[in-house]
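Have a look at the model first, then read on.

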Amino acid sequence: MSMPFNADEVFEMAEQIERNGGKFYRAAAKKFPVVGKVLLELASMEDEHLKTFADMRAELSDTEVEELVFDPDGQAQMYLRVMADGHVFDTKADPVEKLADKDTPEEVLKMAIGLEKDSIAFYAGLKEAVPGKAGKDKVENIIKEEMGHIVILNQKLQDLV
Amino acid sequence: MVMTFTADEIYEIAEQIERNAAEFYRESAERCPNQDIKNMLLDMSEAESDHLRTFQNMREKLTEEAGLSIFDPFGRSAMYLQAIADARSWEGRINPMQALTGNETVKEIIEIALESEKEMVVFYVGLKDLVYFKAGKDKVEEIIIEELCHISSLLKKLKSLG
């Protein structure tokens with residue numbers, strides 16, 4: 001995949017993470033109806049995050065689109081680049097394929113927790129790179145909601161055990 | 001789910017995470033045949049020891065302020081930290097040393113370190129929410145940024161190894 005060198009590409013990456021998240025949860029809900037309701041709720045939340053990132057991307061000025069994200073030391077950009085290079089996030093891979101070797105609801109819930117953790121780790125870097133308090137607050141809110149997803153998934157996992 | 005964490009315990013977990021990470025990096029460096037990667041691992045061990053001292057200072061301050069340093073009216077952050085602990089079956093502690101057999105390749109050591117660093121970030125994101133005073137939040141934020149830098153370095157090394 002291309003490296004996210006500028007704000008537009010970074011937000012595109014975030015959108016793709018959320019798009020894949022929604023797709024993953026919907027496919028998982030279909031495969032495991034016993035946990036289907038909660039997974040569909042999580043899918044809807046990822047859709048909302050997608051809209052938030054799409055709005056933030058649309059609000060970028062022409063200058064901001066082309067410029068690097070605010071990152072005087074280059075650390076956040078470097079972090080986002082390496083996170084996006086396919087080892088942690090392969091946004092081109094079909095998230096539904098990840099379900100192929102998952103045979104139980106427990107396995108899919110554990111996998112979902114892992115994916116949510118990866119998202120939080122990516123957004124923690126994104127927050128550092130986003131200029132302005134308003135932008136940082138939006139990313140922070142999404143991080144908090146992803147944290148909430150982990151709590152929901154863990155509760156469901158405990159219920160199944 | 002039973003909420004078992006107190007503020008003191010959460011800081012204790014953070015201290016243990018850093019103690020284990022520093023030990024993991026030191027041990028890994030000793031076993032690493034590549035001098036460049038050995039130096040990186042030793043630098044990371046030193047950084048984790050600094051983080052340990054930061055959390056120890058914060059925990060001492062917590063005692064002085066009689067618990068006022070924690071603010072979690074709805075218990076959401078505590079639930080999150082509990083979920084992270086449950087998900088790992090680590091009883092609230094990251095211990096990457098448990099994953100080492102002594103026969104790992106450099107690539108495998110970096111992958112273990114990478115997973116541990118991600119665990120630290122997701123734990124500290126929750127911890128930051130619990131810290132009431134701004135100076136404390138800023139310290140946790142600084143540690144999160146340093147762990148993100150560790151992830152960058154590890155991923156770059158991993159890529160260079162092919």
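Predicted model: local features only at pLDDT ≥ 70, side-chain atom pairs only at ≥ 80, totals over all residues.

Which residues of helix 2 of chain A are buried? They are A:Leu39, A:Leu42, A:Glu46, A:His49 and A:Phe53. These buried residues pack against helix 1 and helix 6 (133-160) of chain A.

The axes of helix 1 (residues 7-31) of chain A and helix 2 (residues 36-58) of chain A come within 8 Å and cross at roughly 165°. Angles over 145 degrees count as roughly antiparallel, and the two helices of chain A are therefore roughly antiparallel to each other. Helix 1 of chain A passes helix 2 of chain A in a left-handed crossing.

Now to the contact between the chains, which takes 21 residues from chain A and 22 residues from chain B. On the side of chain B that touches chain A, helix 3 (76-88), helix 4 (106-130) and helix 5 (134-161) of chain B each supply at least two residues. Helix 5 of chain B gives the largest share of that side, ten residues.

The table sets out the residue classes of both regions.

| Region | Nonpolar | Polar | Charged |
|---|---|---|---|
| Side of chain B that touches chain A | 16 nonpolar residues | two polar residues | four charged residues |
| Contact of helix 1 of chain A with helix 2 of chain A | 13 nonpolar residues | four polar residues | nine charged residues |

How values were computed. Residues numbered from 1 in each chain as written. Chains lettered and ligands numbered in written order. Contact = placed C-beta atoms within 7 Å. Helix = DSSP H or I, 4+ residues; strand = E, 2+ residues; numbered from the N terminus. Nonpolar A, V, L, I, M, F, W, Y, C, P; charged D, E, K, R; others polar. Axes fitted to C-alpha atoms, helices over the stretch in contact; angles between N-to-C directions. Parallel < 35°, antiparallel > 145°, perpendicular 65-115°, else oblique. Left-handed = near helix turned anticlockwise from the far one by under 90°. Buried ≥ 20, exposed ≤ 12 C-beta atoms within 10 Å, placed from the backbone.
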